[in-house]
Amino acid sequence: MSQWASSYSYRECLDEFSRRFNQLKETDRVITSDLHANLHTINGYLFAICSAPAAVSPTDWLGELLPLVQLPDDEKAAAAVNLLISYQMHLKKRMVSQKYSLPESTDSLDGLKPASDLNSFSQGFSAGYDRISSIWSVKIPNELQKELTSQVFALSFFASTDNAKQFLKVKKSKLRPEQLADQVLANFPKAADLHVRLGMAVEVDTSSLH
């Protein structure tokens, strides 16, 4: 995969994504995906992939993101594959430096609207986490499972309004859904940072056992 590492700079990735999304809006192509075709979805999905406590092969996640960015005239999807792998590599490097591509939102109710920045990120994260959850299951110590569950809940919270209702019902909480949404939004950046740190710590801890 190394030949793709320098194909696009980080800025070039962002520009190319923007160009593709604009072009796709102008075509009649039907996207065969439940994910929203925007950068926040890709950021959320790759956030889950990059923070996993083990390296994840592009073959395990490319198929789900390709439909969001592939243009009709792409030859054998090579350009879209190149773009996504380059971007994933940049996000992984930035993540190590605690630079995260998180949605900027101050309105939790707006964040629950379909295709909003927060909704797209959480939807992408949820799909990406589902793809690699088995890695966490194998590697996470029992005593850290509660932390992981809390982080995943926060990062995937805005994917659906059902998340708040179900949580409050289980907890028998008197909070209103919008109050819970406000709390989750306030802790969103912290949850993201803790999730990354947990993935790195578990990866180092389990690799030292071999």
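**Figure 1. The largest cavity and the residues around it.** In this predicted model, the largest cavity is lined by N43, L46, F47, L91, R94, M95, K99, Y100 and S101. The space inside the largest cavity comes to about 70 Å³, and the count of cavities of 30 Å³ or more is one. Helices α2 and α4 each contribute at least two residues to the lining of this cavity. Sorted by class, the lining of the largest cavity is made up of five nonpolar, two polar and two charged residues.

**Figure 2. Helix α4 and its buried residues.** Helix α4 covers residues 78-96, 19 residues in all, and spans 28 Å from its first C-alpha to its last, which is close to the 27 Å expected at 1.5 Å a residue. Buried positions in α4 are A80, V81, N82, L83, L84, I85, S86, Y87, Q88, H90, L91 and M95.

Figure 3. S51 sits in the loop that runs between α2 (39-50) and α3 (62-69). With a relative accessible area of 3%, S51 falls under the 20% limit and is therefore buried. A polar atom of the S51 side chain lies 2.6 Å from the backbone oxygen of F47, and a polar contact of 3.5 Å links the side chain of S51 to that of H195. When residues up to four places away in sequence are set aside, S51 touches M95, W136, H195, V196 and G199. M95, one of the residues touched by S51, is itself buried in α4.

Figure 4. Most residues other than glycine have a negative phi. Q98 has a relative accessible area of 46%, and so this residue counts as partly exposed. Leaving out residues up to four places away in sequence, Q98 touches D193 and R197. The C-alpha atoms of Q98 and V196 are separated by 8.5 Å, although the two residues are 98 residues apart along the chain.

Figure 5. A115, which is not a glycine, has a positive phi of about 75 degrees, and its place is in the loop between α5 (108-111) and α6 (117-139). The relative accessibility of A115 is 39%, so A115 counts as partly exposed. K172, also not a glycine, has a positive phi of about 55 degrees and lies in the loop between α8 (162-171) and α9 (177-207). K172 counts as exposed because its relative accessibility is 73%, over the 50% limit.

**Figure 6. The largest pocket and its lining.** About 410 Å³ of space lies in the largest pocket. This pocket is lined by 16 residues, of which T149, S150, Q151, F153 and A154 are the closest to its centre. Helices α7, α8 and α9 each supply at least two residues of this lining. By class, the lining of the largest pocket holds seven nonpolar, five polar and four charged residues.

**Figure 7. Q151 in helix α7.** Q151 is placed in helix α7, which is formed by residues 145-156, and this residue is among those closest to the centre of the largest pocket. At a relative accessibility of 5%, Q151 is under the 20% limit and therefore counts as buried. Apart from its neighbours within four places in sequence, Q151 is in contact with A191, L194, H195 and L198. H195, one of these contacts of Q151, is also the residue whose side chain joins that of S51 in a polar contact of 3.5 Å.

**Figure 8. S137 in helix α6.** S137 has its place in helix α6, and with a relative accessible area of 59% this residue is exposed. Along the chain S137 and L148 are 11 residues apart, and their C-alpha atoms are separated by 10 Å.

Methods
Residues numbered from 1 in each chain as written. Predicted model: local features only at pLDDT ≥ 70, side-chain atom pairs only at ≥ 80, totals over all residues. Heavy atoms only, no water. Helix = DSSP H or I, 4+ residues; strand = E, 2+ residues; numbered from the N terminus. Buried < 20%, exposed > 50% of the residue type's maximum accessible area, 1.4 Å probe, protein only. Contact = heavy atoms within 4.5 Å. Polar contact = N/O pair within 3.5 Å; in protein donor to acceptor, adjacent residues only side chain to side chain. Expected span 1.5 Å × (residues − 1). 1 Å grid on protein atoms, 1.4 Å probe; cavity = no way out; pocket = protein on both sides within 12 Å on 5 of 7 lines; lining within 4 Å. Points joined across faces, edges and corners; volume = space filled by probe spheres on them. Nonpolar A, V, L, I, M, F, W, Y, C, P; charged D, E, K, R; others polar.
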